[in-house]
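Visitor: I would like to learn how to read a few features of a protein model, taking each general idea before the case at hand. Could we begin once the model is in view?

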Amino acid sequence: MLTNAAIVIGTFVIMELVAWAVHKYVLHGFLWSIHKSHHTRHNHPFELNDVSFAFYGVIAALCFIYGSENMDYRFWIGTGISLYGAAYFLVHDLFIHRRLKLFGKTRSTYLRALDIAHKVHHKTRGRDGSESFGMLWVHPKFFRIARKR
């Protein structure tokens, strides 16, 4: 049981690194044509960039399919990927972008720093020149800014 928990937690942590690299080098690289919809203001609830979730969803589904019979490590990797996806939806889509109006202002320095980092990321409208590509890890400079506000 501890091994399975370690696989889930380890996968979740690794997903932050994978998401950072994919965001910086793939979405702001050769798949910018899809991701730019996320950097453009619009009035509709969905954007072309939302299809990028399918990539992680397919990987998680395959892990569940091939790991379910024996409940082996693949099942727990799929669980970690899925939990990261749920956290991404909650933090990025609901809290930061307010796709549904569930969250108000926060007193949490971490959440304010996260929000500031994401706003700085979106300050650059093009594919080049952005910073802060992760979802949960926040550079310390954004904590300093959040503490001042």
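Visitor: What share of the contacts in the protein chain with a separation of 6 or more comes from residues 24 or more positions apart?

Guide: Bear in mind that this is a predicted model. Residues 24 or more positions apart account for 58% of the contacts in the protein chain with a separation of 6 or more.

Visitor: How many helices and how many strands are there in the protein chain?

Guide: The protein chain has six helices and zero strands, and its pattern along the sequence accordingly reads α-α-α-α-α-α. Its C-alpha trace spans about 50 × 35 × 30 Å along the principal axes, and buried residues make up 35% of the 149 residues.

Visitor: At what angle do helix α3 and helix α4 pack, and how far apart are their axes?

Guide: Two packed helices are described by the angle between their axes and by the distance between those axes. Here helix α3, residues 53-67, packs against helix α4, residues 73-96, at an angle of about 150°, with the axes 7 Å apart. Because angles over 145 degrees count as roughly antiparallel, α3 and α4 are roughly antiparallel to each other. The crossing of α3 and α4 is left-handed.

Visitor: Which residues make the contact of α3 and α4?

Guide: On the α3 side the contact is made by F53, Y56, I59, A60, C63, F64, Y66 and G67, and on the α4 side by R74, F75, I77, G78, T79, I81, S82, Y88 and D93. The residues of this contact of α3 with α4 divide into eleven nonpolar, four polar and two charged.

Visitor: How many aromatic pairs does the structure hold?

Guide: A pair of aromatic rings is described by the distance of the centres and the angle of the planes. The structure holds seven aromatic pairs, and one of them, formed by W20 and Y25, is edge-to-face, with 5.9 Å centre to centre and 80° between the planes. W20 is partly exposed at a relative accessible area of 35%, whereas Y25, at 52% relative accessibility, counts as exposed. The rings of F53 and Y88 have centres 5.2 Å apart and planes at 70°, so this pair is also edge-to-face. Because F53 lies in helix α3 and Y88 in helix α4, the pair ties together parts that are 35 residues apart in sequence.

Visitor: Which residues do ring pairs link into a cluster?

Guide: Ring pairs link F64, F75 and W76 into a cluster.

Technical notes: Residues numbered from 1 in each chain as written. Predicted model: local features only at pLDDT ≥ 70, side-chain atom pairs only at ≥ 80, totals over all residues. Heavy atoms only, no water. Axes fitted to C-alpha atoms, helices over the stretch in contact; angles between N-to-C directions. Helix = DSSP H or I, 4+ residues; strand = E, 2+ residues; numbered from the N terminus. Parallel < 35°, antiparallel > 145°, perpendicular 65-115°, else oblique. Left-handed = near helix turned anticlockwise from the far one by under 90°. Contact = heavy atoms within 4.5 Å. Nonpolar A, V, L, I, M, F, W, Y, C, P; charged D, E, K, R; others polar. Phe/Tyr/Trp six-rings, centres within 6.5 Å; stacked < 30°, edge-to-face > 60°. Buried < 20%, exposed > 50% of the residue type's maximum accessible area, 1.4 Å probe, protein only.
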